[in-house]
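Hi,

Here is the structure I promised to pass along.

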Amino acid sequence: MFKFLKEVVAGSGSGLKDFPYTIGDPYATAWGSWTHHRGTSKDDGSPVSIFSLSGSNPQDRHLVAGRNGVKRLRTVRHPNILSFLHSTEAEVPDGPAMKHTIYIVTEPVMPLSEKVKELNLGGTQRDEYFAWGLHQISKAVSFLNNDCKLVHGNVCLASVVVTQTLDWKLHAFDVLSEFDASNEASGSPMLQFEWLVGTQYKPMELTKSDWASIRKSPPWAIDSWGLGCLIYELFSGAKLARTEDLRNTASIPKSLLPDYQRLLNSTPSRRLNPSKLIDNSEFFQNKLVETIQFMEVLNLKDSVEKDSFFRKLPNIAEQLPREIVLKKLLPVLASSLEFGSAAAPALTVLLKMGSWLPADQFSIKVLPTIVKLFASNDRAIRACLLQHIDQFGESLSAQTVDEQVFPNVATGFSDTTVSIRELTLKSMLVLAPKLSQRTISGSLLKYLSKLQVDEDPGIRTNTTILLGNIASHMNDGTRKRVLINAFTVRALRDTFPPARAAGIMALSVTSSYYEMTEIATRILPNIVVLTFDPDSDVRTKAFQATDQFLQIARQHHEKLTTGDTMVAESTGVQLNTGNSGLLGWAMSSITQKGKPSDHGSISTANASNSQVSATSAATPGTQASTAGYAPSTSSSLDKAAPASARSSVDGWGELEDDNIHEENGSDKEGWDDVDPFDDKASPSLLSNIQAAQKRPVVQPKQAVASARSHQLKAPKSEDDPLWGPIAAAPPKSASKSADIKPSTSHNDEDDLWGSIAAPAPKTSGKPLKAPAANSDDLWGAIAAPPPSTKARPLASSGRGRGTKPAQPKLGAQRIGRTSSTGM
C-alpha cells in the first residue's frame, strides 16, 4: 500500500520536515472531510492553499478516496479546474497516537461561500458576477463530461473555490470516475466513492443505485443535476438541506429559470448538457461576461474591434463591481498590453482602473507593466504613456527611471514625429527630478541642445521652459555653463515670439543662480534690447525682467557700499508673482495661439506695424502668410549653428560629473562668427534695432583681425543674419577691471555650453587674446562679448533710430568683414 501511495502522490517525501510550504490558518468551510488552510511557500513567500485529510490508518476509506482525488487533480488540467502544485502524505502526531495525513498544495483560493459573503454584492451586480462564475464552472463540467468522459459526481457550492482574480474553479475530485457505458447491463457501481456524496445532492437514479440506468444515460446526467444544486445554493444563500427544496424557485432569476428546470429534469436523458447551457443561456448575456470573454480572446480580434471595445470599456467599468474590475479585468488588461494584443487605447483604461487602487497595490499591479511598455515600438502606446506620465510618474522610483525608463523615453527626442518629440520633452518635467547628475549632464542636456534648434517653434519654446524648470536639479558647474548661454544666445534671438518671451521668463526664474558680473555684462544687455521687440508680450516681459535684474544690481551696490562683501555674492531676489509660473505661462501662451507650427511666420504687412502683438501673430490671417521672421523649418534652422557643430556627436560636447568646471568659457572674442536664423525679409522694427546696435560702437582693429582668422564662410548679402555679423566687438574699457578674469583652463571638448560664453570686458591695458575655436563646438562661435564702459552713450547715438537707415559705412564694413571668411 505504501508503495502505491508513493506512486500516486506526487512530491511524497519523508514527512513534513521536507514540506516546502508553511501551513497557516484554516478556513471555516471545506468540501467533505478535507480542511482548507492558508499557506505560503518557504522559497519565495508566495501564497498558496493547502488541503489536508487525516485518517487513523493508511487503509482508512476517506484516505483511499483522498488519494483518488490527488491523482485526478494532478492529471486533469483546465483553466477552470483548480491548479495542482504539490502533495505529500505523512504521519503526524496527534497526542499519544499518530495520524496519517494527505496534504495537497494548490494555487491560492478561497471557498466560494465565504467569498460571496465578503463581496456582499446585490442586485444586477450580483447576478452578473454569478453568471460569470456559473459560466466558468459549466465549462469545467462540460470539459470533464464531454471531452474526458469523466463524471465529477458531486458538483455543489462546497466543491467550488475562488482565486485571487475572482475566477471560479472546480475541485473536490475524490468521487471523480470514468463514465463506463460499455457494459450497460452491469450492476456494479460506476462511482466507487459515491458514498461521499450527500443524499440531498444525489439524483433519483443515484439514490437508488440504479447503475444500469446511469450507464444508459448521457455522461453529463449526474453533473447536470449537480449544477442545478449549485444554482439553488447560490441564489438562495443557504446550503441545500433536502432534495425537495430544489422545487423552491422563488430566488432563481427569471432568465435562468428555464435552464435550471431542464438541469433538474427527473429523466436523466433529458437533462440539459452543460455545453448547451454555456452557448444558449440568456442569463450569461450580460456586460461582465461579454467583457471578460472579449478580453480573453483579444489577440484574435482585429484592430477595429479592439478600438471600439476599448473606447467603450471605461464607461462599462464604471458600472461593474469595483472589486471585480480591479481583481479580474485589470490583470487581464495588463497582461494583454504587456504581450502586445491590446491597442494603445487600452493603456488609458488601465491607468483609469489603476487610479482606483491604493498606492502600494498600484506599484505592484500596474507599474511593472508600464515600465515594460516604455520599450514598445508602437508610437501610439509611447505617446499615450507620455501624455499620462503625470498620473504614474511620482510612483516610479529614481533607480527605475534612471536605469529603465529614461533610456527608452530618450529615443523620443530624435523621433521624426513632432508630437512625440514634444511629449518627450514635456515628460522630463516629471522624470528629470529622478535622474542622476551623470544622466542629466551626460545625456539629457545633449538632447535639449539639439531641441533648441528644432524646426518646430513650439518645441524650441518648451525646451527653454524645461531648462528653466529643471535648473534646480543641475549642479553648480552645469548651471554656470548652460543656463545663460541657452537663454541668451538661442532663446532671446529666436524668431518665434513666445520662444523669446520664454527665454526672458527663464532668466527671471533662475536669477538666483547668476553672479553679479554675469547679470551686468551678459544678461541685462541681451534683455534690454528686447524692450523694443515687435511683439508686445516680449516687450512687457523684457521690461519686467529688466526691473528685476536692476533691483538685483541695486542691492549688490548697496551691499558693496556698506562693505558687506560676503552677502554681496548672493544675487538672487524674490520673484514677482507674475514671474513665478514659468511653465504655466508658456504652455498657455502656445495653447491660446494655436498650434506651435502655425507661428513660424508673421505677415509682411503686420511686420511693418510698430505694434505687433502676440495675439495678432496668431490670427488665422497671419498664420498662413509669408514669413516676416525666419520660418520654423529645418532648412532655415539648420543655419543657426556653425557647420562644425553638425559633426559634433552630442551637440554640446561631453559633460561628466567628475569634469565640471566652475568658470564660464571665454574662448571667443565676439559675435563675428554668428550664423543664426536667416532673415530674408526682416521687419522694419528689427532693422531699426540692428541700426541702433551698429551706431554706438567702434570696431577695434585687433578684434576684427582676430575675427577674420576664425570665420569659416561669409553669408551672402541678401541672406544677412539677423544678429550675427552686425554685432560689434567689445569696445575698450577706460579702466581696468580687477574682478573679471577670463578663464582658458576648461576643456572645450567636455564643455557643453561654455564655448559660447561671452568673454569678460577688456581692460584698457592689454586686450584679451582669443583662443582658437573648437571645431566640434556647436555654439562656440556665437558667444557675445559684454558691453564695456567706454562706449558712447546709447541715447546720444540713437537719434532718429525709428526712421534713419543704417550708416553706409557700417554696412560696407559688415560685408567686408564676413566676406573675408568665405570660400
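Predicted model: local features only at pLDDT ≥ 70, side-chain atom pairs only at ≥ 80, totals over all residues.

The overall picture first. The protein chain has 823 residues, and 55% of them count as buried. Its secondary structure comes to 35 helices and 10 strands. If you take contacts between residues at least 6 apart in sequence, 74% of them join residues at least 24 apart. As for the surface, the chain exposes about 35,500 Å², with carbon and sulfur atoms supplying 51% of that.

Now the charged pairs. How many salt bridges does a search of the whole structure find? The count is 23, and I went through a few of them.

Let's begin with glutamate 89 and arginine 67, whose side chains meet in a salt bridge at 3.0 Å, N to O. This pair links distant parts of the chain: glutamate 89 sits in strand 4 (residues 84-94) and arginine 67 in helix 2 (residues 61-75), 22 residues apart. Are the two partners buried or exposed? Glutamate 89 has a relative accessible area of 8%, so it counts as buried, the cut-off being under 20%. Arginine 67 is buried too, at 4% relative accessibility.

Another pair that links distant parts of the chain is aspartate 494 with arginine 460. Their closest N and O atoms are 2.6 Å apart. Aspartate 494 lies in the loop between helix 22 (476-490) and helix 23 (497-509), while arginine 460 belongs to helix 21 (residues 457-470), 34 residues away. Both ends are buried, because aspartate 494 has 3% relative accessibility and arginine 460 has 2%.

Lysine 327 and glutamate 323 make a local pair: both lie in helix 12 (residues 322-338), 4 residues apart, which is about one turn of the helix. Their side chains meet in a salt bridge at 2.7 Å, N to O.

Cheers

Methods
Residues numbered from 1 in each chain as written. Heavy atoms only, no water. Salt bridge = Lys/Arg side-chain N within 4 Å of Asp/Glu carboxyl O. Helix = DSSP H or I, 4+ residues; strand = E, 2+ residues; numbered from the N terminus. Buried < 20%, exposed > 50% of the residue type's maximum accessible area, 1.4 Å probe, protein only. Contact = heavy atoms within 4.5 Å. Areas by Shrake-Rupley, 256 points an atom, 1.4 Å probe, with all protein chains shown as cover.
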